[in-house]
Amino acid sequence: MSQINRLAHGGRIDRSKPLHFTFNGQAMRGYAGDTLASALIANGVRLVGRSFKYHRPRGIMAAGAEEANALVQLESGRRTLANQQATRIELYEGLSATSINCWPGPNFDLMAVNSWFHRLMPAGFYYKTFMWPAAAWKYYEHFIRRAAGLGVSPKLPDPDQYDQMNVHCDVLVVGGGAAGLAAALAAGRTGARVILADEQAELGGQLLGEQAEINGKPASHWLAAGESELAGLADVTVLKRTTVFGYYDHNFAGMLETRTAKLPNGGATTRQRLWHVRAKRVVIAAGALERPLIFSDNDRPGVMLAGAVRTYLNRYGVRAGSNAVVFTNNDDAYRTAIALKDAGVKGVCVIDTRLAPHGELPTQALQAGIAVIDNSTITGVTGKRRVQSVEVMTLNADASGVIGPARTFPCDLVATSGGWNPVIHLHSHAGGKATFDEARGLFIAADTLQASACIGAANGEFQLNDCLKDGFRAGRDAAAKAGFKKASRRKLPTAAVVDEAPARIIWALPTTKPIGQRGKHFLDLQHDVTVADVQLAAREGYRSVEHTKRYTTLGMATDQGKTGNIPGMAVLAQALGVANPGDVGTTTFRPPYTPVTLGAFAGRNVGPLADPVRMTPMHHWHELAGCKWEDVGQWKRPWYYPKDGESMADAVNRECLAARNAVALLDASTLGKIDIQGPDAAEFLNRIYTNAWSGLAIGRCRYGLMLKEDGMVFDDGVTTRLGENHFLMTTTTGNAAAVLGWLEEWLQTEWPELKVYCNSVTEAWATLTLCGPNARHLLAEFTDDMDLSADAFPFMSMQEGTVGDIPARVFRISFTGESSFEVNVPASYGLALWTQLFNAGEKYGLTPYGTEAMHVLRAEKGYIIVGQETDGTVIPQDLGMQWILSKKKDFLGRRSFARPDSARGDRKQLVGLLTGDPDMVLEEGAQIVAENRNNPPIPMIGHVTSSYYSANLGRSIALALVSSGRDRVGDTVYIPMPGKVISAEVTTPVFIDPQGERLHG
Amino acid sequence: MVKPFLRQSPLAHLHLEARRPLGDGLPEAGIHVAERPHRSQIAVRGQATDPAFLQGIEKALGISLPTEACTASGKPGDLQVLWMGPDEWLVVGGPDNAALIISKLTTALVDLQVALVDVSESRTVIELSGKQARVVLDKGCSIDLHPRSFGPGQVVNTLLGRGHVLLHQTDHEPASGSSAYDIYVHRSYAEYLWSWIEDAAREYGLAMRS
């Protein structure tokens, strides 16, 4: 296909760099500097897709972020992107795009039958139709989604990379048009750190699409000079292809930078980068978006925004039609008429809703021989897949209807302008208010909570000269407020001031029949919301603009109503009889301004970098040994070590037997370790723990239980007295940071008088736990300065010495009920000692064991795990741990035991369960009932907290929390499971060595 | 038995020293990295308002205690004290020096309510330098590291990527824009952080420093 609509000259495209691309499989050509949209228009593509609800044919209607129709599926396979605006895709070699929301193609779409039934599909159609019966929604939904869906999400992981960057600046300037560039220059010259971000590939904003002059020369000269000056300023960063998509409290902004095209081998860099910007001042120079006139069948392909038509001509050297009508309520669109005429477009005429337009631009148009039909409106458009003609009639006195004869103008392009709306989206994101300028029919930024200002067109300044002035002033002002007051005196650039007459605001233009009865007046092109829909909503009682939005889906499409929301809000106001549309208000602008790829939010936090893996010093030994891992917080802990051909149960049984019959080794380095020092350390522990610590001898260890203020178990662990004023606390792996935080909270906020310092030493030590009857023999080979005999080194004591010539702290404590030695060595020696123990340990049957075996072994002894036997609702009494609650002193949580709830007789208590079938392993979390009957409801009396097969006992065991459990010992309870009911006997929770002979041996 | 040479830093298994070093025919790299393991590190707690404490530290170490937030005293490569909090500091020295430093401090601070904890084993140090060093940090750190806000001698506890680090800037050459940082990282996070840095530095080129 040739570029039939490409002009021979002009525009900012590079005709020496042709690019090849395909659209719906058809090969086409464009040039470097094109967008997909400009290239499609150049190639004569009129139809790009179908609308969401009625599947009406749609063409390109804009040239930027406000495009509502031209959504495409970009690329295919793993790199595919859905719902991309053709107006925002820079053309690149090999680009491939297809239409969305139509099948089999945009020229013939099966779902277009919807438009025949439009009378059956009013506003709220889906709510009204598919909500009864409620249960059937899941059936309807499948078909509705298939019929209505837009693009197709990729099914495979995105092969492209995304990353993130944090940056701070004095002044963030949003938008690189005339005002933004001026602001960046003014701020940058003061020496302030400035970021100028612009969504387009080139700076210039609207100037790129105009034939404007600055200082009497084409504006491009000023743009180039400004850009080159900025490049020479060390602390100014210019980011093109970068959209400030969200503006948040404390002048925090999110920006999305597109770095490479959506191409295979896009380069070494990431495709997109998400910037987190923290700015002292924000200057919003985001420009303005043109809004369409709302007339009957204003959605036909070929009906475009007048400014966009001009941009296609001036920037891309593309003619959007060969026979054009301009339809306007203001002077600005006359620029388009003149440009079209200059480009050789035939039959250019202007339909103006105003009576006898008389401004500078209409006068120029008339002089150029362009016909102007005043006080008129388009009453109808013919041509389904492309505009063929428009019908024009004169407006009546109050513009509520039309009079006189209808005239028909053949044309294939209708360029419409209803005026321009300042882009106050970002201002609004961060809590800024807006006021309605009734005369011009637009919202202007008002009070803001942030250190920001809207300037230029974003502040309703539509004269280029004003934008320049505003920009330099705002840039200087922002820099000064950020502390950079040095301002150079320079002659500011100027542009000619064009006298523009006021617009005539008519929100919905009349046709020969009442609105809704002849054609459709579209407000929201992407969601197919019409004036009639909004009027219906008002008749049905909708008053709030927010409710109306949700009911009609006005502005809820991917373009978020950038063109349709303001006319829609005004139509609602009229329907409600509200004089000032500002009183109806706008809906809330929400980030993102334009869609952001989810990959950019993930950044590099994917794959192996998704979350840190915390590794113990012995991590890589475990890995080589082929262990299976258990995640505990961010730690990887060995779960079990299967040998060739072993199942998990085989491995765990083997590890459990070794721990009780030979010797087994556990990597316990992940347990939290807190060094506590100070003259009040013992008193501090008295308050933090439930039991007493003052009397603990140096070198002795004690188990402690920590409660929250509510009396519920928070953490447990063994603490050792290293010196008179020096303790070493251990915590559970998962709670290490939380416990340190808890200690600091009490020290810093409640007990500042206590002289105590807490320091985390978790990472300083490697902890190797030798467990089992042979532990002592093996350890004895490694130390000659510690007496390991039971008398010299009793249970719950600590010795310092050397192990394998390494300085070590050895604790005789146990979480398995077996004689155990916890060897702590400096972390960097952990792996070496671990390896040496295995070199020497084979003769003793040394076996590495993981967390699963540890859990089984401790359950055999009825030792609790915080977070497994407790869930934040369990008090020590429930666990049968009254013995650890001191009666002589106060401690955190104690007062809560006075609550009646703590004394309830039917609280759930920790018990053991032995199933009738010894091979039956209960499921953890299973519910327990007292009666085996089959007529629910059956009261639940508790649940299983831990359940394992115990190789040492040759049967299954379980721990459970059961209402009044201790009174039920000996009773039979039932655990109903799918297809069966399991019976179990309630027992005490200690299954092995209740006297502790192994422990102390 | 376990010989001292069997001691392993958290990144030892990556054999970084065996990689091609800087200048060995590699294109110019924007990022230079190295692990600086086994530094002596002592957590010191005490009252900065107590003159005896300040004097004791200076007497024991020959350098003053930094009382201004987020600053360090001493010289990189030599004995340094890094500010960690209003009542918390980290004394850093060369390898295998912790016992000596602690004994000097203990002597000088006798009768004062302080805490001295040897945490040399808790962290390793990744040295990051080069023209793009700051940009690499910007990818994962929300602190303002621009020379106007952060410079040599400044220290901050912060997040880099998803890991907690103690970031100490040791050098900055305004002419070349090159900066150098010591990144103290808990040993369990060291491999994650190393992977993170390698990933973030890829577009600028990465070279090992001896």
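Predicted model: local features only at pLDDT ≥ 70, side-chain atom pairs only at ≥ 80, totals over all residues.

**Entry 1: inside chain B.** I began where the two domains of chain B meet: 12 residues of domain 1 of chain B are in contact with 15 residues of domain 2 of chain B. The domain assignment gives domain 1 of chain B as 28–38 + 122–208, and domain 2 as 40–118. I looked up the distance between their C-alpha centres and got 24 Å.

Next I checked the area. Domain 1 of chain B and domain 2 of chain B bury about 1100 Å² between them, with 54% of that from carbon and sulfur atoms. On the domain 1 side, Arg123(B), Val155(B) and Tyr184(B) lose the most area to domain 2 of chain B, together 42% of what that side buries.

How many salt bridges are there between domain 1 of chain B and domain 2 of chain B? I got zero. For polar contacts I found four residue pairs across this interface, both residues at pLDDT 80 or more. Strand E8 (155–160) and strand E9 (163–173) of chain B are the elements that give two or more residues to the domain 1 side.

**Entry 2: chain B against chain A.** Here I have 47 residues of chain B in contact with 56 residues of chain A. The buried area comes to about 4200 Å², 52% of it on carbon and sulfur atoms. Which three residues of chain B supply more of its buried area than any other three? I noted Met1(B), Val2(B) and Gln113(B), with 16% of the area that chain B buries against chain A.

I then counted charges and found nine salt bridges between chain B and chain A. I zoomed in on Glu203(B) and Arg273(A), which form a salt bridge with their closest N and O atoms 2.9 Å apart. Strand E2 (39–45), strand E6 (115–118), helix H3 (133–138) and helix H4 (190–201) of chain B each give two or more residues to the side touching chain A. H4(B) has the largest share, five residues.

Last stop was a sheet. E21-E22-E23 of chain A make an open, antiparallel sheet in that order. Strand E21 (376–382) and strand E23 (402–410) are its edges, and the twist averages 25 degrees from one strand to the next. Six bridges join strand E22 (residues 389–395) to E23(A), and I saw Ser389(A) standing opposite Pro410(A) in E23(A).

How values were computed
Residues numbered from 1 in each chain as written. Chains lettered and ligands numbered in written order. Heavy atoms only, no water. Pairing = 2+ DSSP bridges. Helix = DSSP H or I, 4+ residues; strand = E, 2+ residues; numbered from the N terminus. Axes fitted to C-alpha atoms, helices over the stretch in contact; angles between N-to-C directions. Contact = heavy atoms within 4.5 Å. Buried area = accessible area lost by both parts, 1.4 Å probe. Salt bridge = Lys/Arg side-chain N within 4 Å of Asp/Glu carboxyl O. Domains from an automatic or database assignment. Polar contact = N/O pair within 3.5 Å; in protein donor to acceptor, adjacent residues only side chain to side chain.
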